[in-house]
Amino acid sequence: MTLTDLLRELGEPPMEISRLMVMDPDQEGMPKVILELSAGGYPNSTLVLRYRDGVMVGYELGIRSMKEIKADGTFNYSSGAMDSGFARLIFGDDGLQIDPISYCESTENGGVTYYVDGQPATDKAFRAACDRQMAKPGAPWVDFHAANIAAMFGGR
């Protein structure tokens, strides 16, 4: 399957690639290509491409699943107003996992539980962790067009 075919399968109208970056978000030594996909000119999702066992494998993440990617590979995510945080990607034999670092979760009784570095924390400690995350330098997106692709990949 080509990338063009995949973009057609992901939605109607077909998704378009608006930006890309090459980085090693899990810091295991193999760069990944991260594509920002758009529909109708608006960001819609993120596609992470990984080379594995001689094949390029793609993982699509919804629009709020991988936002504000930082140079160290961490990123913000949200699955609801009080269910959000920042995480890293982990690639394994079973595919891609989002590994939360610091996050908050809604409780059944309407409260919120906070975690910093995977440990229970206070609201204040969580907000301080979020401030530190936001202060990190962002990852280097480039617009998706032929000149940038040629510059990144040597015209191959």
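Biologist: What relative accessibility does R19 have?

Modeller: R19 has 28% relative accessibility, so it counts as partly exposed. The label covers values between buried, under 20% relative accessible area, and exposed, over 50%, using a 1.4 Å probe and protein chains only. This is a predicted model, in which local features need pLDDT of at least 70 and side-chain atom pairs count only at pLDDT 80 or more, while totals for chains, interfaces and linings use all residues. Residues are numbered from 1 along each chain as its sequence is written, and side-chain values use heavy atoms, with hydrogens and water left out.

Biologist: Which residue forms a salt bridge with R19?

Modeller: The partner is E36, with the closest N and O atoms 3.0 Å apart. The pair links distant parts of the chain, R19 being in strand 1 and E36 in strand 2, 17 residues apart. A salt bridge here is a side-chain nitrogen of Lys or Arg within 4 Å of a carboxyl oxygen of Asp or Glu. Strands (E, at least two residues) and helices (H or I, at least four) are DSSP runs, numbered from the N terminus.

Biologist: And E36, buried or exposed?

Modeller: E36 counts as buried, because its relative accessibility is 12%.

Biologist: How many salt bridges does the structure hold?

Modeller: The structure holds nine. D24, D26, E28 and K32 are linked in a network of them. D53 forms one with R52, with 3.7 Å between the closest N and O atoms. D53 is exposed, at a relative accessible area of 70%, whereas R52 is partly exposed at 24%.

Biologist: What about R88 and D99, where do their side chains meet?

Modeller: They meet in a salt bridge, at 3.3 Å from N to O. R88 lies in strand 6 and D99 in strand 7 (residues 95-106), so the pair ties together parts that are 11 residues apart in sequence. R88 is partly exposed, with a relative accessible area of 35%, and D99 is also partly exposed, at 25%.

Biologist: How many bridges join strand 6 to strand 7?

Modeller: Nine bridges join these strands, which run antiparallel. Two strands pair if DSSP finds at least two bridges between them. R88 stands opposite D99 in this pairing, and a hairpin joins strand 6 to strand 7 through two residues.

Biologist: Then strand 7 and strand 8, how many residues are between them?

Modeller: Five residues lie between them in a hairpin, and G110 in its turn has a positive phi of about 90 degrees. Strand 8 (residues 112-116) is joined to strand 7 by four bridges, and the two run antiparallel. Within this pair, E105 stands opposite T113.

Biologist: Changing topic: what order does the open sheet of five strands have?

Modeller: The order is 4-3-2-1-10, with antiparallel pairing. Its edge strands are strand 4 and strand 10 (142-143), each of which pairs on one side only. Seven bridges join strand 2 (residues 32-39) to strand 3 (residues 42-52), and S38 stands opposite P43 there.

Biologist: Which residues does I69 touch?

Modeller: Not counting residues up to four places away in sequence, I69 touches M21, M23, I34, T74, F75, G138, A139 and W141. Contact means heavy atoms within 4.5 Å.

Biologist: Finally, where is C130?

Modeller: C130 is in helix 2 (residues 123-135). C130 counts as partly exposed because its relative accessibility is 22%. Its C-alpha atom is separated by 27 Å from that of G95, 35 residues apart along the chain.
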